[in-house]
Amino acid sequence: MKNLVLGVNDAIYRACIIVTSLAIVIMATIIPWGVFSRYALGQGLGWPEPISVMLMVVFTFIGAAASYRAGAHMAVTSLTDRLPTVAQPLITLFVRLAMGAIALFMLIWGYKLCVATWNQFLSTLPSVRVGISYMPIPVGGFITLLFVIEQLLYGDQHKRRVVDFEAVEDSKEAV
């Protein structure tokens, strides 16, 4: 069962990395094109900015889930590092449960936000629903929740080779 869960989460993690990488590449392509068309061609395009903002939301919420699994998300450990070794696992458990609560909040309220704005359309992109632009919030919350549950069941995964690309020696992978 552990191998299956870790394998599925590895695939989800890789998909998160690919999606966020594509979001950055597309943003880095269309923003200069919007600037070029406005100043060099003399005609401003309406679509590069809203699409870039939507891609930034994708990058933020999907990328945050991936960075949480990789152990690269923001963490202030100055207090926990000074605690006795007996208390550190309790703080780690508390942090994981708090992160699970935040992810659940993003999932539930992000979904409600998508549903509430589904019948509205973006003014600059009239064919795109506003609910679609908020979709990365519940998706990122769901993925983060999966990774939190994984950490609660199987511990940190940031030392595994699939997550740590610089790991050369054998890691404690389930596979």
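The model is predicted; local features need pLDDT of at least 70, side-chain atom pairs count only at pLDDT 80 or more, and totals for chains, interfaces and linings use all residues. Residues are numbered from 1 along each chain as its sequence is written, and side-chain values use heavy atoms, with hydrogens and water left out.

**Confidence**

- The chain has a mean pLDDT of 88 (pLDDT is the predictor's confidence in each residue, from 0 to 100).
- A pLDDT of 70 or more is reached by 93% of the residues.
- Among the elements of the chain, helix α5 (residues 136-154) has the highest mean pLDDT, 95. Helix α1 (residues 2-39) has the lowest, 92.
- Helices (H or I, at least four residues) are DSSP runs, numbered from the N terminus.
- Where pLDDT is low, the predicted coordinates should not be read in detail.

**Largest pocket**

- The largest pocket holds about 650 Å³ of space.
- On a 1 Å grid over the protein atoms alone, a pocket is an open set of points where a 1.4 Å probe fits, with protein on both sides within 12 Å along at least five of seven lines; lining residues have an atom within 4 Å of a point.
- Grid points are joined across faces, edges and corners, and a volume is the space filled by probe spheres set on the points.
- The lining of the largest pocket has 22 residues. Met74, Ala75, Thr77, Thr92 and Val95 lie nearest the centre.
- Two or more lining residues come from each of α2 (48-69) and α3 (88-116). α3 gives the most, 6 residues.
- By class, this lining has 9 nonpolar, 9 polar and 4 charged residues.
- Ala, Val, Leu, Ile, Met, Phe, Trp, Tyr, Cys and Pro count as nonpolar, Asp, Glu, Lys and Arg as charged, and the others, Gly among them, as polar.

**Second largest pocket**

- The volume of the second largest pocket is about 160 Å³.
- Its lining consists of Ile31, Gly34, Val35, Arg38, Leu45, Pro48 and Glu49.
- α1 has the largest share, 4 residues.
- The classes are 4 nonpolar, 1 polar and 2 charged.

**Helix packing**

- The axes of α3 and α5 come within 7 Å and cross at roughly 155 degrees. The two helices are therefore roughly antiparallel (angles over 145 degrees count as such).
- Axes are lines fitted to C-alpha atoms, for helices over the stretch in contact, and angles run from 0 to 180 degrees between N-to-C directions.
- The contact of α3 with α5 has 16 nonpolar, 6 polar and 1 charged residues.
- α1 and α2 pack at about 150 degrees, with their axes 8 Å apart. α1 is therefore roughly antiparallel to α2.
- The contact of α1 with α2 has 19 nonpolar, 5 polar and 2 charged residues.

Notes. Angles under 35 degrees count as roughly parallel, over 145 as roughly antiparallel, 65 to 115 as roughly perpendicular and the rest as oblique.
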